[in-house]
Structure formats: structure tokens, C-alpha cells
Amino acid sequence: MDLIHHAQIKHRQFHNPSEVQLCTLLSIKTGGCTENCSYCSQSQSHVETDVQAQKMVGLDEVMAKAREAKRHGSTRFCMGAAFREMKGRKSALKRIGEMTCVTLGMIDEEQAKTLKENGLTAYNHNIDTSREHYPNVITTRTYDDACTGGILGLGETTEDHVGFLHTLSNMSPHPESLPINRLVPIKGTPILQFDSILRTIATARLIMPGSIIRLAAGDKAMLEKWGMKPMESSVSKK
């Protein structure tokens, strides 16, 4: 537990330990994705799943969900879409009001500027794992197409956790926002041991002290099973 203790000390130097930001994620386009991510039920390559491709959620529904999230205490609203790249899509982000983030696949510099001009505060595209393990997870894009965040439980090793953190910690500057996801397993995927999750979160805090570490997918299962232990590993937001 020494690692967690040192991570907590570092966390208090850079963040308010009594504050946790609540975030809400909304899928605005579900299913039918052309990427072949091995873990994702929304990929077209996984024909055995029950996920059906759906149309883009309408703006009025998105706004209603954003207002509902705000009423429940969320100060960050994130929209995700199951497609390979943005292709010029944008929403009336300024109307949402609170901090907004999106994960819309790959974008270019011009698209990023357009999103920022329309009120976006953050963009996320997970690198998922280490560079070495990445080809075992997805082959329809490259490791360098992504930018931040990871998913733990993709059949990786401890060395892959080190490689994942090494990639992020060598970015200049460090990622402002670092989502840590625990795979919500589907049939046939391995279950990651809890100690590995704690070590990865605590190590991330020590080597990227200013980054906002977010407990993302799988947070409910982790908190139900292990209580506040994941939060004690220096998570800033969930």
C-alpha cells in the first residue's frame, strides 16, 4: 500500500482531495462502427453481438440529457459516437452550458479547431494499451492515431501497463484529462485483477501529477465491489 500512500500525497499537492467531478457520458451514435476493436460490441466485425446500428441522436434529445445530467450534479458532459472519424460532424456544443467533451474517432487539426470554436472543452481518443499490445486489440487504425486514456483488461500484461503509462508520461505536456477504464467484460474476455488497476492508477498519479485522472467505464462495478479503494488511488474525477 506504500504506492497508494505516495500517490495520495502527490495528489494533494496538485489537486483538492475533497473534490470529485461527476461526468455523464451519452452515446449519440450507437453501433455500426467500421473499426475492429476486439473488445467493443459496437463494431461491425462482431456480428454475434445484439447491438444494432442506430441513427444519430437528435439535438433536442442531447440537450434534454445534458440538462438532466446537470440537475444530477454532473459538471462535465461527454458525447461518444461509434464511427471511425468525425467527417465534419459537429453539434451545438455551446448550448449545453457545462464542460463538454466528445469522443468521435479520428479528427484532423481543422476539425479540432472547429469543435473548439463551437464550445468543446476536451477531446478523447484512447490509446487503449501499450504500443506493443495494440495490434492485438485493433488493426483498422494505428497507435499513433490516438491520444490519451486506456482500457485495462484487454488481455494485456503488467509490462503493457508500464508501456501504456510510459507513452502518456512522455507526452509534452502531459494529458490534461486521463480516463482509466476497466473493461466491462463480454463473454470470452479476461477479468483483470484489482491490484493491477490500483497500481496503474497510483503510478499514473505519481508520474503525471497534474493530470486529471478519471475513473471511466467500469466505475460502477469497481465501486460496488471494492468501495472507495479506486478513489483512494488518486482519482480526481468519475
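**Figure 1. Strand S2 in the predicted model.** In this predicted model, strand S2 spans residues 76–81, and six of its six residues are buried, so the strand is largely enclosed by the rest of the structure. Both faces are covered. Arg76, Cys78 and Gly80 are buried on one side, while Phe77, Met79 and Ala81 are buried on the other. In a regular strand the side chains alternate between the two faces of the sheet. Strand S1, residues 23–29, runs parallel to S2 and is joined to it by six bridges. One of the residues at this pairing is Cys23, whose bridge partner in S2 is Arg76.

**Figure 2. Surroundings of Cys33.** Cys33 sits in the loop between S1 and helix H2 (59–71). Its relative accessibility is 10%, below the 20% limit, so Cys33 counts as buried. The C-alpha atoms of Cys33 and Ala53 are 8.0 Å apart, although 20 residues separate the two in sequence.

**Figure 3. The open sheet S5-S6-S7.** Three strands form an open sheet in the order S5-S6-S7, with parallel pairing. Strands S5 (150–152) and S7 (212–215) are at the edges; each has a single partner strand, so one side of each is left without a neighbour in the sheet. On average, neighbouring strands of this sheet are turned by 25 degrees against each other, direction ignored. S5 and strand S6 (residues 177–182) run parallel and are joined by three bridges. Within this pairing, Leu152 has Arg182 in S6 as its bridge partner.

**Figure 4. Nonpolar cores.** The largest nonpolar core contains 23 residues. Tyr39, Phe164, Leu178 and Ile180 have the most contacts inside it. At least two residues of this core come from each of helix H4 (134–137), S5, helix H5 (158–169), S6, helix H6 (194–207) and S7. In soluble globular proteins, nonpolar side chains tend to be buried together.

**Figure 5. Helix H3 and its ends.** Helix H3 covers residues 109–117. At its start, a side-chain oxygen of Asp108 comes to within 3.2 Å of the backbone nitrogen of Glu110. Lys113 and Glu109 are four residues apart in H3, about one turn of the helix. With a relative accessible area of 42%, Lys113 is partly exposed, whereas Glu109, at 58%, is exposed. Gly119 follows H3 and has a positive phi, near 105 degrees.

**Figure 6. Salt bridge between Asp128 and Arg141.** The structure holds four salt bridges, and one of them joins the side chains of Asp128 and Arg141 at 4.0 Å, N to O. Asp128 is in the loop between strand S4 (122–123) and H4, and Arg141 is in the loop between H4 and S5, so the pair ties together parts that are 13 residues apart in sequence. Both Asp128 and Arg141 are buried. Glu35 is linked with Asp128 and Arg141 in a network of salt bridges.

**Figure 7. Salt bridge between Asp144 and Arg131.** The side chains of Asp144 and Arg131 meet in a salt bridge with an N to O distance of 2.8 Å. This pair links distant parts of the chain: Asp144 lies in the loop between H4 and S5, and Arg131 in the loop between S4 and H4, 13 residues apart. Asp144 has a relative accessible area of 56% and is exposed. Arg131 is partly exposed, at 42% relative accessibility.

**Figure 8. The aromatic pair Tyr134 and Tyr143.** The structure has one aromatic pair. The ring centres of Tyr134 and Tyr143 are 5.2 Å apart and the ring planes stand at 75 degrees, so the pair is edge-to-face. Planes over 60 degrees apart fall in that class. Tyr134 is buried at 3% relative accessibility, and Tyr143 is buried with a relative accessible area of 6%.

Terms used: Residues numbered from 1 in each chain as written. Predicted model: local features only at pLDDT ≥ 70, side-chain atom pairs only at ≥ 80, totals over all residues. Heavy atoms only, no water. Pairing = 2+ DSSP bridges. Axes fitted to C-alpha atoms, helices over the stretch in contact; angles between N-to-C directions. Core = buried A, V, L, I, M, F, W, Y, C linked by side-chain atoms within 4.5 Å. Buried < 20%, exposed > 50% of the residue type's maximum accessible area, 1.4 Å probe, protein only. Polar contact = N/O pair within 3.5 Å; in protein donor to acceptor, adjacent residues only side chain to side chain. Phe/Tyr/Trp six-rings, centres within 6.5 Å; stacked < 30°, edge-to-face > 60°.
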